[in-house]
Amino acid sequence: GMEQSALWFQGSTGALVYKLVSGNFSVSATVHARKRTDPNALPASNVQLGGLMARDPNGTDQGGMENYVFIVLGHDENDISVETKSTTDSVSDYEGPTWPSGDAELRLCRVGSTFSLYQRAVGAGSWVLAKSYDRPDLPAELQVGPNIYTAFDADLAVRFDEIVFRDAPDPAEVVAGAVHVVERFRQLDGARAGLAQLEEGHRVE
């Protein structure tokens, strides 16, 4: 839980428990957001969220800028939401559509320079792509793991069931994001190599 204000936004930092991960990966967790003062109640104050993050280690704590992507669950400026955020040189771009509960399964995948952020109801069969970010600027090795942050009246406890790391997304996940990726490749020079690789990925069992 968090009692003090600490924000993952622009150049500010919140809390992150991470391991260093290189190259392609997938990390998933079941996330539960509640009030710290009342474990049965949903977060009610603005900007109280937690989830999964991938961050450039050379951040403001190291004299650099903040560069990361994440997907989080909690109370944004409006209501209970699953929020996605991409911060480039300490400038944050985010959106937080409404989510129907204080529980969600979240997943963050990296394939090359593409970060795909997925969400689903706990126990649901298929993942839904919440957002995809192209971040060729991020280094090979990133800090990856659960994050949490609050602004103003901090009253948040985020529970993570089973945080699962994989070396690379499994084929089903790649397929789930394939339409988006294919669309992106069409817009790039040298797209064929990328598409060939993607199709090869589909065939791998």
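A: Buried means under 20% relative accessible area, exposed means over 50%, and partly exposed lies in between. The model discussed here is predicted.

Q: Why is His 32 called buried?
A: His 32, in strand E3, has a relative accessible area of 10%. The cut-off is under 20%, so His 32 counts as buried.

Q: What makes the pair of His 32 and Asp 161 a polar contact?
A: The side chains of His 32 and Asp 161 are joined at 2.7 Å, and the limit for N or O atoms is within 3.5 Å. Asp 161 itself is partly exposed, with a relative accessible area of 27%, whereas His 32 is buried.

Q: Which residues does His 32 touch, leaving out those up to four places away in sequence?
A: They are Gly 102, Asp 103, Ala 157, Val 158, Arg 159 and Asp 161.

Q: Why is the pair of Arg 159 and Asp 161 called a salt bridge?
A: The side chains meet at 3.5 Å, N to O. A side-chain nitrogen of Lys or Arg within 4 Å of a carboxyl oxygen of Asp or Glu qualifies, so the pair of Arg 159 and Asp 161 is a salt bridge. Arg 159 has 49% relative accessibility and counts as partly exposed, since exposed requires over 50%.

Q: How many salt bridges does the structure hold?
A: The structure holds eight. One of them joins Asp 103 and Arg 34 at 3.1 Å, N to O. Asp 103 lies in strand E8 (residues 103-111) and Arg 34 in strand E3 (residues 25-34), so this pair ties together parts that are 69 residues apart in sequence.

Q: What makes Arg 55 and Glu 66 a salt bridge, and which parts does the pair tie together?
A: Their closest N and O atoms are 2.8 Å apart, and the limit is within 4 Å. Arg 55 lies in strand E4 (residues 48-55), while Glu 66 lies in the loop between E4 and strand E5 (68-75), so the pair ties together parts that are eleven residues apart in sequence. Arg 55 and Glu 66 are both buried.

Q: Why is Arg 110 called buried?
A: Arg 110 lies in strand E8. At 6% relative accessibility, Arg 110 falls under the 20% cut-off and so counts as buried.

Q: Which backbone oxygens lie by a polar atom of the side chain of Arg 110?
A: The backbone oxygen of Pro 139 lies 2.9 Å from a polar atom of that side chain, and the backbone oxygen of Ala 140 lies 3.0 Å from one. Across the chain, Arg 110 and Ala 54 are 56 residues apart in sequence and 9.1 Å apart in space, C-alpha to C-alpha.

Q: What is the strand order of the open sheet, and which strands are its edges?
A: The order of the five strands is E10-E9-E8-E3-E12, with antiparallel pairing. Strand E10 (128-134) and strand E12 (157-166) are the edges, as each pairs on one side only. From one strand to the next the twist averages 20 degrees.

Q: How do you know that E9 pairs with E10 and with E8?
A: Two strands pair if there are at least two bridges between them. Strand E9 (residues 114-120) has six bridges with E10 and seven with E8, so both pairs meet the condition. Ser 116 has Ser 132 in E10 as its bridge partner, Thr 114 stands opposite Asp 134 in E10, and Leu 108 stands opposite Leu 117 in E9. The hairpin of E8 and E9 has two residues between the strands, and Gly 112 there takes a positive phi near 65 degrees.

Q: What makes E9 a strand covered on both faces?
A: Seven of its seven residues are buried. Thr 114, Ser 116, Tyr 118 and Arg 120 are on one side, with Phe 115, Leu 117 and Gln 119 on the other.

Q: Which residues touch the most other members of the largest nonpolar core?
A: Of its 26 residues, they are Phe 25, Ala 54, Leu 73, Leu 106, Leu 108 and Phe 115. E3 gives the most to this core, with five residues. A second, separate core has ten residues, among them Tyr 68, Val 72, Tyr 149 and Ala 151.

Terms used:
Residues are numbered from 1 along each chain as its sequence is written. This is a predicted model: local features need pLDDT of at least 70, side-chain atom pairs count only at pLDDT 80 or more; totals for chains, interfaces and linings use all residues. Side-chain values use heavy atoms; hydrogens and water are left out. Helices (H or I, at least four residues) and strands (E, at least two) are DSSP runs, numbered from the N terminus. Buried means under 20% relative accessible area, exposed over 50%, partly exposed in between (1.4 Å probe, protein chains only). Axes are lines fitted to C-alpha atoms, for helices over the stretch in contact, and angles run from 0 to 180 degrees between N-to-C directions. A nonpolar core is a set of buried Ala, Val, Leu, Ile, Met, Phe, Trp, Tyr and Cys residues joined through side-chain atoms within 4.5 Å. A polar contact is a pair of N or O atoms within 3.5 Å; within protein, one must be able to donate a hydrogen and the other to accept it, and residues adjacent in sequence count only if both atoms are side-chain atoms. Contact means heavy atoms within 4.5 Å.
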